[in-house]
Amino acid sequence: MLKRREPSEASYAPGKPSNAPVKGLFSVAAAFTILAATAFLPGCVPSDGLTAEELTEVEKETLDSLARELREIENAQQETEEDFYSEVAEYNEKIRVQRHESIVRYEEIIKEAEELDKTSPYLEEVYYNLGDLYYEEAKDLFEDDAYRERVLSSSTPEPTAADTEPVGDSDIIIRTFKKSMKAYQDLANYYIQVEERNRNLPPSAIPQSTKYFDDSYYNMGVVADELSNRDFAAFDLHRTDSLENFLILLDRFPDSSYAAEVRQRIGRIYFERNDFTNAIKYFSQVQPGEYQYYKAMYLKAWSYFLNQEYGEAVTNFFEVLDLFEQMAAESEEGAKIAELHYEECAEYCAQCFLPSIVDLNTQREQMSFTEIGIDW
């Protein structure tokens with residue numbers, strides 16, 4: 001499910017179950033291991049009136065008893081882990097079954113609406129939820145190898161104009177992302193038709209809202225970004241699609257809750273394309289306190305540097321250094337971020353004073369920042 005909505009019920013990430021319920025058993029097992037070890041130490045076993053042979057036998061019985069108890073704990077721990085992971089797998093399977101049933105039902109509703117009433121106010125919820133469900137399915141297929149193999153082995157899709165080749169691992173993920181994209185595109189088109197019908201009506205007379213309009217463009221931008229990371233043959237096409245949807249969102253909904261994040265995403269795409277002028281434009285629009293502000297600041301400084309505008313680069317690198325110092329003083333997480341980037345930032349700030357030694361291609365390849373994923 002895309003970030004902007006909380007899921008209706010909790011779910012576990014495939015392949016990443018929590019081990020919190022079994023942590024206690026590890027500490028108990030460790031305690032018994034220590035007890036077993038101390039049995040070898042002088043004075044750990046009562047010795048009053050015992051011969052050396054009897055004392056050795058008592059020590060042996062003590063160690064055997066502790067070993068049995070330790071084995072019992074280890075067995076219980078293994079059973080608990082197996083039960084826990086089994087419950088997680090069972091829960092995930094229930095989610096998948098419910099997701100598939102919902103997808104089928106939503107597709108049926110859309111088909112009926114196309115024949116009867118394309119203006120139904122319920123369609124916005126249907127398109128919106130269907131896009132979410134396909135997105136979740138695509139992510140699930142990508143993250144869980146066993147699930148993907150099971151789906152591939154059991155699916156027998158009807159051939160269409162687009163289904164002339166066997167479906168492979170990457171194909172099924174890409175196709176599912178594209179189904180998500182289509183649902184969001186249908187949602188945007190639905191709202192465009194609503195606007196057209198209501199064009200001559202006063203605001204008070206408009207019969208329905210368009211509450212997911214900005215979501216539709218945001219989600220199309222995000223899904224296109226996902227596709228660019230999976231469908232490498234069409235990387236530029238998907239990247240352009242992502243950029244266009246984000247630009248439309250900012251143009252039509254400048255006050256959207258997604259605006260700050262989208263400006264960073266747009267700046268990042270321009271940065272990757274070496275269009276540093278536009279990258280600077282959008283990074284500059286991210287304001288202090290907005291999501292991941294420091295990354296926008298750092299990439300803006302880098303954009304000036306790589307665009308050979310060294311005076312502006314120095315000013316911006318100094319601002320980033322000040323920001324890192326502030327972040328380090330405010331939180332442990334901020335200190336880690338500052339430690340990771342401060343020295344690099346200071347080094348390239350210094351290089352701005354000696355542009356003759358700068359090899360832009362080499363420096364860009366060495367940027368640690370480009371290797372860090374943006375946590376959207």
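Let me start with a definition: two residues are in contact when they have heavy atoms within 4.5 Å. With that in hand, in the protein chain 68% of the contacts with a separation of 6 or more are between residues 24 or more positions apart.

Thanks for coming, everyone. A word on where the numbers come from. This is a predicted model, in which local features need pLDDT of at least 70 and side-chain atom pairs count only at pLDDT 80 or more, while totals for chains, interfaces and linings use all residues. Residues are numbered from 1 along each chain as its sequence is written, and side-chain values use heavy atoms, with hydrogens and water left out.

Now the overall picture. The protein chain has 13 helices and zero strands; helices here are DSSP runs of H or I with at least four residues, strands are runs of E with at least two, and both are numbered from the N terminus. Written along the sequence, the pattern reads α-α-α-α-α-α-α-α-α-α-α-α-α. Of the 376 residues, 40% are buried, where buried means under 20% relative accessible area, exposed means over 50%, and partly exposed lies in between, with a 1.4 Å probe and protein chains only.

Let's look at helix pairs. Two packed helices are described by the angle between their axes and the distance between the axes. The axes are lines fitted to C-alpha atoms, for helices over the stretch in contact, and the angles run from 0 to 180 degrees between N-to-C directions.

First up, α3 and α6. Helix α3 covers residues 123–143 and helix α6 covers residues 213–228; their axes come within 12 Å and cross at roughly 20°. That angle makes α3 roughly parallel to α6. The label is given to angles under 35 degrees, with roughly antiparallel for over 145, roughly perpendicular for 65 to 115, and oblique for the rest. The crossing of α3 past α6 is left-handed, a term for a near helix turned anticlockwise from the far one by less than a right angle, with clockwise being right-handed. On the α3 side the contact uses Tyr-128, Tyr-135 and Lys-139, and on the α6 side Asp-215, Val-222, Val-223 and Glu-226. By class, that contact has four nonpolar, no polar and three charged residues. For the classes, Ala, Val, Leu, Ile, Met, Phe, Trp, Tyr, Cys and Pro are nonpolar, Asp, Glu, Lys and Arg are charged, and the others, Gly among them, are polar.

While we are at α6, have a look at Ser-228, which is found in that helix. Is Ser-228 buried or exposed? With 0% relative accessibility, Ser-228 counts as buried. Its side chain reaches the backbone oxygen of Asp-225 at 2.6 Å. Leaving out residues up to four places away in sequence, Ser-228 touches Phe-235, His-238 and Arg-239.

Another buried residue is Arg-99, with a relative accessible area of 6%, and you'll find Arg-99 in helix α2, residues 52–115. Which side chain does the side chain of Arg-99 make a polar contact with? The partner is the side chain of Glu-137, at 2.7 Å. A polar contact is a pair of N or O atoms within 3.5 Å; within protein, one must be able to donate a hydrogen and the other to accept it, and residues adjacent in sequence count only if both atoms are side-chain atoms. Again leaving out residues up to four places away in sequence, Arg-99 touches Leu-133, Glu-136, Glu-137, Asp-140 and Tyr-147.

Asn-274 sits in the loop between α8 (259–272) and α9 (276–283), and has a positive phi of about 65° although it is not a glycine. Gln-308, in the loop between α10 (293–306) and α11 (310–330), has a positive phi of about 60° and is not a glycine either.

Next, α9 and α10 pack at an angle of about 155°, their axes 9 Å apart. That makes α9 roughly antiparallel to α10, and the crossing is left-handed.

Last pair: the axes of α11 and α12 come within 9 Å and cross at roughly 155°, so these two helices are roughly antiparallel to each other. Among the residues that meet there are Phe-317 and Phe-324 in α11 and His-341 and Tyr-342 in α12. The contact divides into 16 nonpolar, two polar and one charged.
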